[in-house]
Amino acid sequence: MSDFSTEFRLPKGCPNCGSHRMRVSQARNPDDKVFCSSCNTYVCLYREAEDRLDNDPKSQSEEMIEKATNKDERELPPKHS
Ligand SMILES: [Zn+2]
């Protein structure tokens, strides 16, 4: 059965060892369990993993917006000089 599993990268690392390498059945059913590829810890259902995969680019762009905002704030002259 484990021969029919496939590996993928999860943005959120394994809660046990921090590895981003995850393993799921090749069928990739939403209800299939996702296990850490390194230590075999159960991480989440594939449905939840897919949600996190979908959210990853969004959170990255949010991070970039946040950085841009911080940069703008830094470029403002100090109010008390
Ligand atoms: Zn792990």
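Select β2 (residues 21-25) and β3 (residues 33-36): the two strands pair in the antiparallel sense over 2 bridges. Strands here are DSSP runs of E, at least two residues long, and helices are runs of H or I, at least four residues long; both are numbered from the N terminus. Two strands count as paired if DSSP finds at least two bridges between them. This is a predicted model: local features need pLDDT of at least 70, side-chain atom pairs count only at pLDDT 80 or more, and totals for chains, interfaces and linings use all residues. Residues are numbered from 1 along each chain as its sequence is written.

Stay on this pair. Pick Arg 23 and find its bridge partner in β3, Phe 35.

β3 and β4 pair in the antiparallel sense over 3 bridges. Select Val 34 and look across to β4: Cys 44 stands opposite.

Now show the whole sheet. It is open, has 4 strands in the order β1-β2-β3-β4, and its pairing is antiparallel. The edge strands are β1 (5-9) and β4 (42-45), each pairing on one side only. From one strand to the next the twist averages 30°; axes are lines fitted to C-alpha atoms, for helices over the stretch in contact, and angles run from 0 to 180 degrees between N-to-C directions.

Move to the loops. Most residues other than glycine have a negative phi. Select Arg 28, in the loop between β2 and β3. Arg 28 is not a glycine, yet its phi is positive, about 55°. Arg 28 counts as partly exposed because it has 15 C-beta neighbours inside 10 Å. The cut-offs: buried means 20 or more other C-beta atoms within 10 Å of the residue's own, exposed means 12 or fewer, and partly exposed lies in between, with C-beta atoms placed from the backbone.

Then select Asn 40, in the hairpin of β3 and β4, which has 5 residues between the strands. Asn 40 takes a positive phi near 65°. With 13 other C-beta atoms within 10 Å, Asn 40 is partly exposed.

Go inside. Select Leu 10, Cys 14, Met 22, Val 24, Val 34, Cys 36, Val 43, Tyr 46 and Ala 49: these 9 residues make up the largest nonpolar core. Such a core is a set of buried Ala, Val, Leu, Ile, Met, Phe, Trp, Tyr and Cys residues joined through C-beta atoms within 7 Å. The elements giving two or more residues to this core are β2, β3 and α1 (46-75).

Finish on Tyr 46. Which residues does Tyr 46 touch, not counting those up to four places away in sequence? Val 24, Arg 28, Asn 29, Pro 30, Asp 32 and Val 34. Contact means C-beta atoms, placed from the backbone, within 7 Å.

Terms used. Contact = placed C-beta atoms within 7 Å.
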